[in-house]
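Have your viewer open and the sequence at hand.

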Amino acid sequence: QVKKHIKEHVEVSNISLKMKKPKIKSVEKVYSGKGAETPSIIKIKGEDLKVVGESSSLYIKTSNEIFQIPKEAIIHNEPKMLIIVTNVPLKEGGTYSIHLSTQYAKMGKRETSIIRRCVKEFRFEETIVTPLKKVV
């Protein structure tokens, strides 16, 4: 009886889930010390950025090297903003890319088995300091 009812009244359909990828909107250098070994603090803004899960990763790629950012270096880990401390030598005027993989799902504090990835190219513009003239 039930099988007959299902056969007559239920249609087969495909269900597709829309998997939302993380999106990096901006990368900003908040602090940078003098010298190659001095840490820098970088702020990354966007959507669904939270680094969650065993398969999650964050790394910065220069023209010839890849620098893995350990999870301990992420000092602020929220869906809309990441703040990281790194010793990666990021020079002003250089072009870099940041790669993010996360299992974060916008469902409370849940993580999924699906890995979502995004990449963003960025550069830090050179700041030009002009000396002030003394007004007499």
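Start by selecting the side chain of Tyr96 and the backbone nitrogen of Lys91: a polar atom of that side chain lies 2.7 Å from the nitrogen. A polar contact here is a pair of N or O atoms within 3.5 Å; within protein, one must be able to donate a hydrogen and the other to accept it, and residues adjacent in sequence count only if both atoms are side-chain atoms.

A word on what you are viewing: this is a predicted model, where local features need pLDDT of at least 70, side-chain atom pairs count only at pLDDT 80 or more, and totals for chains, interfaces and linings use all residues. Residues are numbered from 1 along each chain as its sequence is written, and side-chain values use heavy atoms, with hydrogens and water left out.

Next, show the surroundings of Tyr96. Leaving aside residues up to four places away in sequence, Tyr96 touches Ile60, Lys61, Thr62, Pro89, Leu90, Lys91, Lys120, Glu121 and Phe122 (contact means heavy atoms within 4.5 Å). Pick Thr62 from that group: its C-alpha atom is 5.0 Å from that of Tyr96, although the two are 34 residues apart along the chain.

Is Tyr96 buried or exposed? Tyr96 counts as buried because its relative accessibility is 7% (buried means under 20% relative accessible area, exposed over 50%, partly exposed in between, with a 1.4 Å probe and protein chains only).

Now color strand S7, residues 95-104, which holds Tyr96 (strands are DSSP runs of E, at least two residues, numbered from the N terminus). Within S8, look for Phe122, the bridge partner of Tyr96.

Notes. Helix = DSSP H or I, 4+ residues; strand = E, 2+ residues; numbered from the N terminus. Pairing = 2+ DSSP bridges.
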